[in-house]
Amino acid sequence: MLISEEYRNLNLELHQRNPHYGVSGQKWAEQISEICSAIGAKTILDYGCGKQTLGMALSHLLIVGYDPAIPGLDAPPEPADLTVCTDVLEHIEPDCLDAVLDDLERLALKGVFLTVATRPAKKFLADGRNAHLIQQPAEWWLPKIMQRWHLKIFQAKDGEFAAFAIKKEEELREAKAA
């Protein structure tokens, strides 16, 4: 299961109540544009797109948004060359995290760009919980990422990290082409 119905409703309520919830995508536009060029990505999936600010910032690219908590963006997505998942994974219900990571692995044809906050959020769900359900250091996240992808770039700063990783099969293709 990727998300429970109860949690989907809590996230929908937070999106509706707070115009600043789900707007961090554009923060990573420059890096994502560079990665798209480097790997020749023609298709981009913004997984957990929130208010779709990444797509607005990179309007010259075809970016498909998916967010299970937003009606109209909640249809199961198709795989894409690059799957982007920024400021999402720390919001996942802990019991669903492995299923979500497996879904990301399935959807990322060439690579994945992830950002994860490792600190508490400033926002709270209607039930009183911190919006960051998972507050773990990068060292906790890295084995989960490296189990599924080959890590190419990792940067940690100010209570969050960004990572770009490629499919393990893609790494083999790169080695054969070299």
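**Cavity and cores**

Modeller: One thing to keep in mind is that this is a predicted model. It holds one cavity of 30 Å³ or more, and the volume of the largest cavity is about 380 Å³.

Biologist: Why is this space called a cavity?

Modeller: Because a 1.4 Å probe fits there but cannot get out.

Biologist: What makes a residue part of the lining, and which are closest to the centre?

Modeller: A lining residue has an atom within 4 Å of a cavity point. There are 28 such residues, and Gly 48, Asp 67, Asp 87, Val 88 and His 91 are the closest to the centre. Helix H1 (5-17) gives the largest share, three residues.

Biologist: How do the lining residues divide by type?

Modeller: They split into 14 nonpolar, 10 polar and four charged. Gly 48 is one of the lining residues, and Gly counts as polar by the rule used here.

Biologist: What makes a group of residues a nonpolar core?

Modeller: The members are buried residues of listed types, joined through side-chain atoms within 4.5 Å. The largest core has 26 residues, and Tyr 47, Leu 89 and Trp 141 are among those with the most contacts inside it. Helix H4 (97-107) supplies the largest share, five residues.

Biologist: How do you know that Trp 141 touches Phe 161?

Modeller: Contact means heavy atoms within 4.5 Å, and the residues that Trp 141 touches include Phe 161, Leu 89 and Val 116.

Biologist: Which residues does the second core include?

Modeller: That separate core of 17 residues includes Cys 36, Ile 44, Leu 58 and Val 84.

Methods: Residues numbered from 1 in each chain as written. Predicted model: local features only at pLDDT ≥ 70, side-chain atom pairs only at ≥ 80, totals over all residues. Heavy atoms only, no water. Buried < 20%, exposed > 50% of the residue type's maximum accessible area, 1.4 Å probe, protein only. Helix = DSSP H or I, 4+ residues; strand = E, 2+ residues; numbered from the N terminus. 1 Å grid on protein atoms, 1.4 Å probe; cavity = no way out; pocket = protein on both sides within 12 Å on 5 of 7 lines; lining within 4 Å. Points joined across faces, edges and corners; volume = space filled by probe spheres on them. Lists of a residue's contacts leave out its neighbours within four places in sequence.
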